[in-house]
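Hi there,

Here is the structure I promised to pass on to you. Have a look at it first, and then read on for my notes.

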Amino acid sequence: MTTEQRPPSVDLVIRRVTVLAGTRRPVAAYPDLPVDDPGRPEPVDFLHDHAIGVVGADIAWIKPDGEVSTADLETARVIDAPGRIAMPGMINTHSHSSMTYFRGSAEDVPTASWFNDHIWPMEVNLTERDVSLGARLAVAEMLLAGVTTVADHYFSMEQIAAAIDEGGMRAVLAETFFSSQGAAGLDRSAAFAAEWNGRADGRITTMLGPHAVYTVDDADLVRTADTARSIGVRSHVHASETMHQTESSLARRGVTPIQVLHDTGMLDAGALIAHGTGIVESDLAWLTPYSDRVGVACCAKVYQKHTHTTTPIRLLHDAGITVGIGTDGCASHNTLDMFESVRTMALVQKSDARDATWMPSSHSLDLLTRQSAAAIGREHDLGALRPGFKADIVLIDPRKPHLQPMNDLAAALVLSVRSSDVETVIVDGRVVVDGGRLVGVDLDPLMVEMNERLPGLTDRSHGTTIQTYAP
Ligand SMILES: [Zn+2]
């Protein structure tokens, strides 16, 4: 063998793990299939006692541990993790990271009051320093919980980008804007998207960030779609967040928010739609032609808390529309814990459908991994552990009373696991959480400074606001 033909030396080998290699998309209408029907989905591939080889930022191979050779181990760091479960790093498809600052600050109020009396008046006080501190705390919280990628939507996005870069995380970032900011809002969002796309060794990619269909007018949405096409990015936008928004849009202008996204070219240009709990059956006609570039982020705990209906996943699933899992910001979700989010999603789906066979854990895992990757346009290299995919890997320690005995791995990962069971986290081939601790990060000074600044940030006595919620 010549030097040119030698495979590249392996940098990292994870040994003796059970690999959640990937999922296959469940077939439509499967609840009606008997359990032993060959068409019924068993879409999770678990590989027992396997090893994962990483070269640089990518997975090079996955094979039975017994086939690992001495040559494989020559130059590699070895993580020997017998019995641990290796799963793809989780992708939070909708968040506002810096809102960790507002965790618990607007509780037990209806949606309009949440925005108008609490969040938007507090956001008047936000400084770039606050955004930076909030994002750094969010990065810590997410990495410790096995979340390796976040689709983020907020202000002062350079500060969040710096926190992502510093923390070694992956993100797709969108600078939020409203039409009330004039042309400068979109211009700033576009400048950020163009400048940061592909930065941090490719760990940061971007989208445009129109806030919502009710805060960005049609003319600006048309400009957004045109700008997105010219930069080569998609847009991340709140739309049909509640059924009330859909009904109000129909009453005022005779179209749903999803049709507005269609008519303004936003779907054609590619869109990550946050929430979509107000998506109705007639919206499928607008969405399905763009199913290769449109995804919906479901943040189920938030809908329960704010007493909204939930994302109509069954409707979207049967129409072939991708649905990913997200948390939304901590002001509404209280945590950035994706296990909590997927569990709530699964339970609400069953309860709403009054069908215990709908949304089995294998399907929930598909939403959590592969569909969340597709929702951000990364189905080709994220959301599964396969050769050629990015080495974003989470190791779960199953030696816990609440996970034993292990009858059903998929059910354990959806219904029993806790984020504190995450032992090791690897992003882009680099270990960022080791033994349940962030590598090289002391969170104490960060939390002290955040708490010192908190009274100024949550002060609402100025009587002003950044926006008014009246969809
Ligand atoms: Zn949101």
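Predicted model: local features only at pLDDT ≥ 70, side-chain atom pairs only at ≥ 80, totals over all residues.

**The zinc site**

The zinc ion has four protein donors: NE2 of H94, NE2 of H96, NE2 of H238 and an OD atom of D328. They lie 2.1 to 2.7 Å from the metal. Along the chain, these donors follow the spacing H-x1-H-x141-H-x89-D. H96 sits in the loop between β6 (90-95) and α2 (111-123), while H238 belongs to strand β10 (residues 234-239), so this pair ties together parts that are 142 residues apart in sequence.

If you plan to look at the geometry, note that the angles among the 4 donor atoms run from 78 to 175°, and the site is irregular. It cannot count as tetrahedral, because that would need all angles between 85 and 135 degrees.

**Strands and a helix**

Strand β1 (residues 12-23) runs antiparallel to strand β2 (residues 44-55), and 8 bridges join them. Within this pairing, V19 stands opposite L47 of β2. On to the next partner: β2 also pairs with strand β3 (residues 58-64), again in the antiparallel sense, over 6 bridges. Here V54 has I59 in β3 as its bridge partner. β2 and β3 make a hairpin with 2 residues between them, and G56 in the turn has a positive phi of about 60°.

Helix α3 covers residues 128-144, which makes 17 residues. From its first C-alpha to its last it reaches 24 Å, close to the 24 Å expected at 1.5 Å a residue. The helix is mostly covered, with 13 of its 17 residues buried. Just after α3 comes G146, which takes a positive phi of about 80°.

**Cysteines**

How many disulfides does the model have? The count comes to 0. For C299, the nearest cysteine sulfur is that of C298, 6.6 Å away, and C299 is in no disulfide. C330 is in no disulfide either, as its nearest cysteine sulfur, that of C299, is 12 Å away.

**Aromatic rings**

The structure holds 8 aromatic pairs. One of them joins Y154 and F155 in a tilted arrangement, 5.0 Å centre to centre with 55° between the planes. Y154 is buried at 2% relative accessibility, and F155 is buried at 17%.

F155 also pairs with F178, and this pair is tilted as well: 6.1 Å centre to centre, 40° between the planes. F155 lies in the loop between β7 (147-154) and α4 (157-167), and F178 in the loop between β8 (170-177) and α5 (183-196), so the pair ties together parts that are 23 residues apart in sequence. Like F155, F178 is buried.

Which residues form the aromatic cluster? W114, F115, W120, Y154, F155, F178, Y214 and Y469 form one cluster.

Conventions:
Residues numbered from 1 in each chain as written. Heavy atoms only, no water. Donors = N, O, S within 2.8 Å, 3.2 Å for Na, K, Ca; no water. Tetrahedral: all angles 85-135°; square planar, octahedral: opposite > 155°, others 65-115°. Helix = DSSP H or I, 4+ residues; strand = E, 2+ residues; numbered from the N terminus. Expected span 1.5 Å × (residues − 1). Buried < 20%, exposed > 50% of the residue type's maximum accessible area, 1.4 Å probe, protein only. Pairing = 2+ DSSP bridges. Disulfide = S-S within 2.5 Å. Phe/Tyr/Trp six-rings, centres within 6.5 Å; stacked < 30°, edge-to-face > 60°.
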